[in-house]
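Work through the following exercises with the sequence and the 3D structure open beside you. Try each task before you read its solution.

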Amino acid sequence: MKEAKADQFSDPPPVMESDSPPSPEPDFTFAFNDRNFSDRVLRIEILPDVLDYKSDGEAFASISDWARNRKRRRAETEDIIVQCEEQVLNCNMPDTEDFAACENQDEDAVGMIESPSDSVRNYVNDEAAGSNDSSWIWDCSTVLRVETIHISSPILAAKSPFFYKLFSNGMEQSEKRQATLRIHESEEAALMDLLNFMYSNTLSTTTAPSLLDVLKAADKFAVASCMRYCSRLLGQLPMTRDSALLYLDLPSSVLMVDAVQSLTDTAKKFLADRYRELSKFVDEVLNLPLAGIEAVLSSDDLQVASEDAIFDLVLKWARLHYQNVEDRREVIASRLARLIRFPYMSCRKLRKVLSCNDFDPQLASKIVLEALFYKSETPHRQRSLAVENANATYRGFVDRSYKYRPVKLVEFELPRPQCIVYLDLKREECARLFPAGRVYSQAFHLGGQGFFLSAHCNMDQQNSFQCLGLFLGMQEKGSVSFAVDYEFSVRVKPGEEFLSKYKGTYTFTGGKAVGYRNLLATPWTTFMADDSIYFINSVLHLRAELTIRQ
């Protein structure tokens, strides 16, 4: 008979993968706490909270209150852990009389909790090692009250490895009809919700603090399906900055990290959307914790001036949160550098990376070299690298929604100061310019002066139709003026060679610009047509050659 009972909980056969949708979980609500459908009694001993903890009846007003209370409990628990360990040691002393008195005279409870088999003890110890919560300590506090529930061991064992091991560990107590758990009073409501879920696959609670309590209980008792259910419900509730940061911290405080992955992904998306227009929230972003800044800067949709601004922000954040230079180098190398998309930084800023004391010199050299190699690749190869990198966690070759578009630059010092600037615009970027938009390039330098290109959707000279315009401007900087020869070209099909459109000479002073309202001598509709000769693999390739006249 004993062998038959052991077989009841033997390891289940492996589940074969199937393309068909999963079957709905069976509903055993009718069997919950019903002796007619139960084979055991679960005895729940309710212990007083070691700390002052708000009960479910005193629900937290917000998730921020829940987080602050949880953090306070964790900190205070560390202060009393030595005392609790002393109590546990006293409970396990070989003196029989002391042991019995400590355990409140309940022989069955002692058998299940204080003398488990090695398998259950190891499981509980392994789980406790990864938990920051004091409720895993099997202490000797006075039992406030005892609740008993009729349970079906197959249902609980099927949902939870914890209960599977509890009911199948081969010890004498596993043959008994009674199992005992000890929890703190503040955990009672969450445990009851969890047990209900294991039968019904649903929860009645709907508030974020209560769902978090159930999620924590599900993690302790290894009910992954309940953790995923709580994560899904929490992700559907209105989110705030504080709740999103709390969800991002969950992987560091739970054992089954995969079960909360969907919630942390939702939190990351919330923060990325909240701070999309980064320039409006610089101070707020600088005060985010590490997980928060990672979530924001991992987004492709950040609306920033250029990747140079991201580099500056990362350095400012690191210097604010890590005053020690060695600590700062470590966090930049291990966590922050991968958030910066160096291939889209300007060459002038890449030079600053090499001389930046916050970067390890070897790391800085490697980063800059990779960025320069990317810049030197053909547009086709750059697109291939971006596609290959598209599904990576950190997408270094994928550009963002920059206010100032990156350019590629080739410079010459002799026989005269000269530079060739390449500006690529995607078809969708051009489409967004209609009817009167404009897009600017990153600044580039020639003869010590800063210049930029700007592409416009504007009316032609006769004001009869919209068309593409291209302009070259000099940044505002003093009263210096000098003459520049310039030439604008565009790559066209079928040969995919650059075709010169306009050339001329212009004497620049700070803030001035020169260009052509109708660069391609064609209406906007023709330029944007599906069979347009100007888009090669959905990219418009523009080129400007600048030479200083002497």
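A residue is called buried when its relative accessible area is under 20%, exposed when that area is over 50%, and partly exposed in between. Keep in mind throughout that the model is predicted.

**Exercise 1. The protein as a whole**

Task: find how many helices and strands there are in the protein, and what share of the residues count as buried.

Solution: Begin with the secondary structure, where the protein has 21 helices and 17 strands. Next, turn to burial: of the 550 residues, 48% count as buried. Finally, consider the contacts between residues at least 6 apart in sequence, of which 71% join residues at least 24 apart.

**Exercise 2. The span of a helix**

Task: work out what span helix α9 (residues 208-220) should have, and check it against its end C-alpha atoms.

Solution: The expected span is 1.5 Å times one less than the number of residues. With its 13 residues, α9 should therefore span 18 Å, and this agrees with its end C-alpha atoms, which are 18 Å apart. As a further step, look at how covered the helix is: 13 of its 13 residues are buried. After α9 comes Ala222, which has a positive phi, near 60°.

**Exercise 3. Two aromatic pairs**

Task: classify the ring pair of Trp317 and Tyr322, and then that of Phe434 and Trp524.

Solution: A pair of aromatic rings is described by the distance of the centres and the angle of the planes. In the whole structure, a search finds 29 aromatic pairs. For Trp317 and Tyr322, the ring centres are 6.0 Å apart and the planes stand at 50°, so this pair is tilted. Trp317 has a relative accessible area of 2% and is therefore buried, whereas Tyr322, with 25%, is partly exposed.

For Phe434 and Trp524, the centres are 6.3 Å apart and the planes are at 35°, so this pair too is tilted, since angles under 30 degrees count as stacked and those over 60 as edge-to-face. This pair links distant parts of the chain, 90 residues apart: Phe434 is in the loop between α20 (427-433) and β9 (438-441), while Trp524 is in helix α21 (residues 524-527). Phe434 is partly exposed at 42% relative accessibility, and Trp524 is buried at 6%.

Now widen the view, and you find that ring pairs link Phe434, Trp524, Phe527, Tyr534 and Phe535 into a cluster. Over the face of Phe535 lies Arg427, at 4.2 Å from the ring centre.

**Exercise 4. The surroundings of Asn458**

Task: decide whether Asn458 is buried or exposed, and find which residues it is in contact with.

Solution: First locate Asn458, which lies in strand β11 (residues 449-459). Its relative accessibility is 10%, so Asn458 counts as buried. Then list its contacts, leaving aside neighbours within four places in sequence: these are Phe465, Gln466, Cys467, Gly469, Phe471 and Arg517. With Arg517, a polar atom of the Asn458 side chain lies 2.8 Å from the backbone oxygen.

Methods:
Residues are numbered from 1 along each chain as its sequence is written. This is a predicted model: local features need pLDDT of at least 70, side-chain atom pairs count only at pLDDT 80 or more; totals for chains, interfaces and linings use all residues. Side-chain values use heavy atoms; hydrogens and water are left out. Helices (H or I, at least four residues) and strands (E, at least two) are DSSP runs, numbered from the N terminus. Buried means under 20% relative accessible area, exposed over 50%, partly exposed in between (1.4 Å probe, protein chains only). Rings of Phe, Tyr and Trp (its six-membered ring) pair if their centres lie within 6.5 Å; planes under 30 degrees apart count as stacked, over 60 as edge-to-face and the rest as tilted. A charge sits over a ring if NZ of Lys or CZ of Arg is within 6 Å of the ring centre and within 35 degrees of the ring normal. A polar contact is a pair of N or O atoms within 3.5 Å; within protein, one must be able to donate a hydrogen and the other to accept it, and residues adjacent in sequence count only if both atoms are side-chain atoms. Contact means heavy atoms within 4.5 Å.
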